[in-house]
Amino acid sequence: LYVEDNRINAILVEEAIKLRGGVELRVAEDGAEALALLGGDWSPDVLVLDANLPGMSGYQVLEKLRALPALAAAPAFMCSADAMPDDVQRAHAAGFAGYWTKPIDIARVMRD
């Protein structure tokens, strides 16, 4: 699951992931849409959240996703253009397993 409000960034990641194959990627533009995607029988293996989303931040979205039993332990990665050491430290303290800066390095993402 990739939660990203910038449609161009989302498209770039979608296209790069398609080229790699073997990954089902679903994209939501905000936290509410992300939660709606999880209403069915689909549950993502990995969470990638933009830090600055409309309505609620990536940190708030992670908190809501972690409340769902199926996602309590799913690896989560913060994805943001904000890449100061304090930003990275805050993400790790909030429970993110990693921090990917924009523009996203798809080769690194697929390794992580």
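Predicted model: local features only at pLDDT ≥ 70, side-chain atom pairs only at ≥ 80, totals over all residues.
Figure 1. Ser80 belongs to strand E4, which covers residues 76-80. A polar atom of the Ser80 side chain is placed 2.9 Å from the backbone nitrogen of Asp82. Leaving aside residues up to four places away in sequence, Ser80 is in contact with Asp50, Ala51 and Asn52, and also with Tyr99, Trp100, Thr101 and Lys102. Of these contacts, Asp50 lies in strand E3, Trp100 in strand E5, and Lys102 in the loop between strand E5 (98-101) and helix H5 (106-111).

**Figure 2. The salt-bridge network of Glu4, Asp50 and Lys102.** Salt bridges link Glu4, Asp50 and Lys102 in a network. In the bridge of Lys102 with Glu4, the closest N and O atoms are 2.6 Å apart. This pair links distant parts of the chain, 98 residues apart: Glu4 is in the loop between strand E1 (2-3) and helix H1 (7-20), whereas Lys102 is in the loop between E5 and H5. For the bridge of Asp50 with Lys102, the closest N and O atoms are 3.3 Å apart. Asp50 is part of strand E3 (residues 47-50) and Lys102 is in a loop, so this bridge ties together parts that are 52 residues apart in sequence. Glu4 counts as buried because its relative accessibility is 1%. Asp50 is likewise buried, at 4% relative accessibility.

**Figure 3. The salt bridge between Arg7 and Glu14.** Here the side chains of Arg7 and Glu14 meet, with an N to O distance of 3.3 Å. Arg7 has a relative accessibility of 38% and therefore counts as partly exposed; that class lies between the limits of 20% and 50%. The count for the model comes to 5 salt bridges, among them this one.

Figure 4. A search of the whole structure gives 2 aromatic pairs. One of them is formed by Tyr59 and Phe96 and is edge-to-face, with 5.7 Å centre to centre and 90 degrees between the planes. Arg90 lies over the face of the Tyr59 ring, 3.7 Å from the ring centre.

**Figure 5. The ring pair Phe77 and Trp100.** Phe77 and Trp100 form a stacked aromatic pair, with 4.4 Å centre to centre and 10 degrees between the planes. The pair links distant parts of the chain, with Phe77 in strand E4 and Trp100 in strand E5, 23 residues apart. Phe77 and Trp100 are both buried. Trp100 is also one of the residues that Ser80 touches.

**Figure 6. Strand order in the sheet.** The open sheet has 5 strands in the order E2-E1-E3-E4-E5, and the pairing is parallel. Strand E2 (27-28) and strand E5 are the edge strands, each pairing on one side only. E1 and E2 run parallel and are joined by 2 bridges. Opposite Val3 stands Ala28, a residue of E2.

How values were computed:
Residues numbered from 1 in each chain as written. Heavy atoms only, no water. Salt bridge = Lys/Arg side-chain N within 4 Å of Asp/Glu carboxyl O. Helix = DSSP H or I, 4+ residues; strand = E, 2+ residues; numbered from the N terminus. Buried < 20%, exposed > 50% of the residue type's maximum accessible area, 1.4 Å probe, protein only. Polar contact = N/O pair within 3.5 Å; in protein donor to acceptor, adjacent residues only side chain to side chain. Contact = heavy atoms within 4.5 Å. Phe/Tyr/Trp six-rings, centres within 6.5 Å; stacked < 30°, edge-to-face > 60°. Lys NZ or Arg CZ within 6 Å of the ring centre and 35° of its normal. Pairing = 2+ DSSP bridges.
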